[in-house]
Amino acid sequence: MSFLNSYIYYIGAFGLILIGLYIILVKHNLIKVIVGLGILDTGVNLFLISVGYITKGTAPIFSRSGIDSEHMVDPVPQALVLTAIVIGVAVLALALSLAIRLYQHYGTLNLRKIREQKW
Amino acid sequence: MPVLLIAVPLGLAFAVPLFALFWKPAAKYIPPVALAFNLIVSLLLLPKVLENPVIVSIGGLRPPFGINLVAGPVGVLFSAIIALVGLLVSVYALDYIHPVRYSHRIDTKLSNWVGLSNGVKEGPTEKYHMLYLLLLTGATGVVLTGDIFNLFVFFEVLCISSYALVAYLREKSGIESAVKYLIQGAVGSSLLLIGVGLLYGLFGTLNMADIAQNIKSVSPISVFVPMVLIVTGLGVEAAIFPLNAWLPDAHSSAPSSISAILSGIAIEVGLYAVVRVIFTIFGASSIFLFLALLGILTLLVGEMCAFSQNNIKRMLAYSSIGQIGLILFALAIATSYGVTGGLFQLVSHTLSKALLFLAAGYMIYQTGSLQISALEGMGKKMPLTCLAFTIGAFSLVGLPPFIGFPSKFLIVRAALATKETYFSVLIGLALLGTVIEGAYFFRVVQVLYFKTGKTNPEGKDAPIVVLIPMFIFVALIVVVGVYPKLVTDVLNSAASELLNRLDYIRSVLG
């Protein structure tokens, strides 16, 4: 149980990452693939946050009294995740707008049927 | 100073739509101005950084805290090349990309002829110029940054703007390849980010020099996983062999000016990031042989696929894969000669391939077809454009008066100088790749000059705005090819920056 307790965030994060990769690799529908990308992004962000997390930690605000630095979470991963979320949103928005265009051209979102370019 | 290299183009990129509100044509004149500024600043910095790398700590926090920029010989060499190629291509785009109105019906009919549409359909071109500047800002940021998460951010700036630019013409093939590129690129960047997260977990720092200093303090196995993730993630953009399925589609369906930038700059920057991570951060000398093998594999696969293409832009795109393989092989030799040769080949590929895409783009525009056979007899109708194409092709193959010759010669010499049997075998395979390369480029040149055209009554030479950048490329290719001493000093100190990771660590951390 102690293993689960201390690694639960990592297990969850890598679970999400693997689910996302599975969806991207297996699904035929472009929208589902984009959803997979979203899940993958969420997993990565959760992983980054859990790198800097300590159990029962609080926000690293020095002006508040009664908190010593031992109980503060690492703020750097949170800054990273903020950036990563913004990047993820940009990629997803671009992917969805491309999906709209793709549907206009082909009348389908099935990636197995859209095969004009090949080796 | 190095901050300006990133800040000025970034600021001007977002200013493009604002300027365009007041005066429409302003949009297309901003990229040349920004890139000319970058080129001048890089060239001014170059002599300074050859002596000592310039370290900029943003916000006044000394490294390892805060984000820092490291303008060493490698970074400034790359930023100068990016600015030079970007400047010339943006001058080319002054004429190539302009708003043309034509009906949707014609658009779908011509949709297989990528690049025929001279620029963009109805609608403003500000977005093109904005994304173009953002792409080059991202590339400059990647080569100058000294912080691994910042590298990821600039990498994403580069990638996202290149996804959008591949789809810029909005026709079938462009959208399809952009979707493929986006999915593969996004998975690659996620892997990169996981790797960065693992490194932060191990070392508690994001500064590349600081990680490099402490890399020996943890067990090799726990470093191996982030290294594999980061190299795989960056390898997608660098188009190393098993990860390059997106490249021929994306490079052949983008507008030709963008193909030139993607082939000439984007994949080189990806390769730079791979090399920086392996050489400087991990110092992983044990995987160099594996990288050399991958390089040769990439080279052979790329050249063989290029040989069987009928579509000229796809042929050039596969040839880029081959060249990336050769550069990776040369860098993986990891001797002073080898790395110098690899960087030299990188410069020569950037110049030659950008020239080839620009010339091919205009020929495609004139003939309205991407097939090589449609170019028959163009040598008489567009003599100057065809001359530029021929010089680019000869330089890429490695014929003597051009820049491709000294760079390939240096690689062969470096491989033989190692006195290892496997490098001799591998360089033999690389030369086989060069022979294949020669075969398909000479085929195109033969079609250009020695076949009489049947069906092309049209065809006149490119306008002067397009010819000027092409002939500046030609001049650079010939001058550096005849007199390679011009660049070898810079390349030598860049190579020693990559090889001596301890010097890098010392110069950053002080």
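1. **Helices H16 and H19 of chain B.** In this predicted model, the axes of H16 (residues 383–397) and H19 (residues 464–482) of chain B come within 10 Å. They cross at roughly 35 degrees. Axes are lines fitted to C-alpha atoms, for helices over the stretch in contact, and angles run from 0 to 180 degrees between N-to-C directions. The crossing of H16(B) past H19(B) is left-handed: the near helix is turned anticlockwise from the far one by less than a right angle.

2. **Who touches whom.** H16(B) contributes Leu384(B), Ala388(B), Ile391(B) and Ser395(B) to this contact. From H19(B) come Leu467(B), Met470(B), Phe471(B), Val474(B), Ile477(B) and Gly481(B). Contact requires C-beta atoms, placed from the backbone, within 7 Å. The residues divide into 8 nonpolar, 2 polar and no charged. Ala, Val, Leu, Ile, Met, Phe, Trp, Tyr, Cys and Pro count as nonpolar; Asp, Glu, Lys and Arg as charged; the others, Gly among them, as polar.

3. **Helix H17 of chain B.** H17 (residues 404–417) has 14 residues, which should span 20 Å at 1.5 Å a residue. Its end C-alpha atoms are 20 Å apart, so the two values agree. The expected span is 1.5 Å times one less than the number of residues. Among the buried residues of H17(B) are Gly404(B), Lys408(B) and Ile411(B). Buried means 20 or more other C-beta atoms within 10 Å of a residue's own, with C-beta atoms placed from the backbone. The cover over these buried residues includes H13, H14, H16, H18 and H19 of chain B. Just after H17(B), Lys419(B) takes a positive phi of about 60 degrees.

4. **Chain B as a whole.** Chain B has 21 helices and 4 strands. These are DSSP runs, numbered from the N terminus: helices are H or I, at least four residues, and strands are E, at least two. Of its 510 residues, 62% count as buried. The C-alpha trace spans about 70 × 60 × 40 Å along its principal axes.

5. **Chain A against chain B.** Here 27 residues of chain A are in contact with 27 residues of chain B. H3(A) gives the largest share of chain A's side, 13 residues. That side divides into 21 nonpolar, 3 polar and 3 charged residues.

6. **Conventions.** Residues are numbered from 1 along each chain as its sequence is written, while chains are lettered from A and ligands numbered from 1 in the order in which they are written. In this predicted model, local features need pLDDT of at least 70, side-chain atom pairs count only at pLDDT 80 or more, and totals for chains, interfaces and linings use all residues.

Definitions and conventions: Two residues are in contact if their C-beta atoms, placed from the backbone, lie within 7 Å. A residue is buried if 20 or more other C-beta atoms lie within 10 Å of its own, exposed if 12 or fewer, and partly exposed in between; C-beta atoms are placed from the backbone.
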